[in-house]
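Work through the following exercises with the model open beside you, and try each task before reading its solution.

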Amino acid sequence: MGYHLNEYHQSISPALQKPGKADYSNPRAWRLVHLLSTMGKWIEKVIATRLLYYATSHRLIPPNQFGAMPGKSTTDAALCLAHDIQAANNHNLFTSLVTFDITGYFDNVNHNRLLSILHNKGIPLPICKWV
């Protein structure tokens, strides 16, 4: 149906004392632990697996993408980088490297545009609606 129940968005958040703090009247001496619905996490995992399947089968992810890809590791990324640097060096070329940390990017993406792209790339409507 493409719908994520509101119950799956709710969490219980107990406050736990951080060890070794002198003053527990200070809010920074406490840590919140968010406990989410197991069923909600399971559904998210199923949808993420389906999205990855569609993205790889429709070749929507470039081959040099290593993060969150099954069968690809940090070691693979490092070896690929080392190979590219060595290949450039063998041809008397210089190598530059630009890296990005896109943590939290999904929260700032234009969701209507993302949904339009997913739909145009052949992702089934229920999956698009869930996203």
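**Exercise 1.** Determine how the residues lining the second largest pocket divide into nonpolar, polar and charged.

*Solution.* The lining divides into 9 nonpolar, 5 polar and 1 charged residues, where Ala, Val, Leu, Ile, Met, Phe, Trp, Tyr, Cys and Pro count as nonpolar, Asp, Glu, Lys and Arg as charged, and the others, Gly among them, as polar. This is a predicted model, in which local features need pLDDT of at least 70 and side-chain atom pairs count only at pLDDT 80 or more, while totals for chains, interfaces and linings use all residues. Residues are numbered from 1 along each chain as its sequence is written, and side-chain values use heavy atoms, with hydrogens and water left out. Next, locate the pocket: 15 residues line it, and N64, F66, A77, L97 and V98 lie nearest its centre.

**Exercise 2.** Describe the lining of the largest pocket and find which element gives the most to it.

*Solution.* Begin with the 24 lining residues, of which L51, A55, I61, F106 and L114 are the closest to the centre of the largest pocket. Then assign elements: α1 (38-57), α3 (105-108) and α4 each give two or more residues to this lining, and α1 gives the most, with 6 residues. Finally, classify the lining of the largest pocket, which divides into 20 nonpolar, 2 polar and 2 charged residues.

**Exercise 3.** Examine the two ends of helix α4 (residues 111-120).

*Solution.* At the start of α4, a side-chain oxygen of N110 comes within 3.2 Å of the backbone nitrogen of N112. Just after α4, G122 adopts a positive phi of about 95°.

Technical notes:
Polar contact = N/O pair within 3.5 Å; in protein donor to acceptor, adjacent residues only side chain to side chain. Helix = DSSP H or I, 4+ residues; strand = E, 2+ residues; numbered from the N terminus. 1 Å grid on protein atoms, 1.4 Å probe; cavity = no way out; pocket = protein on both sides within 12 Å on 5 of 7 lines; lining within 4 Å.
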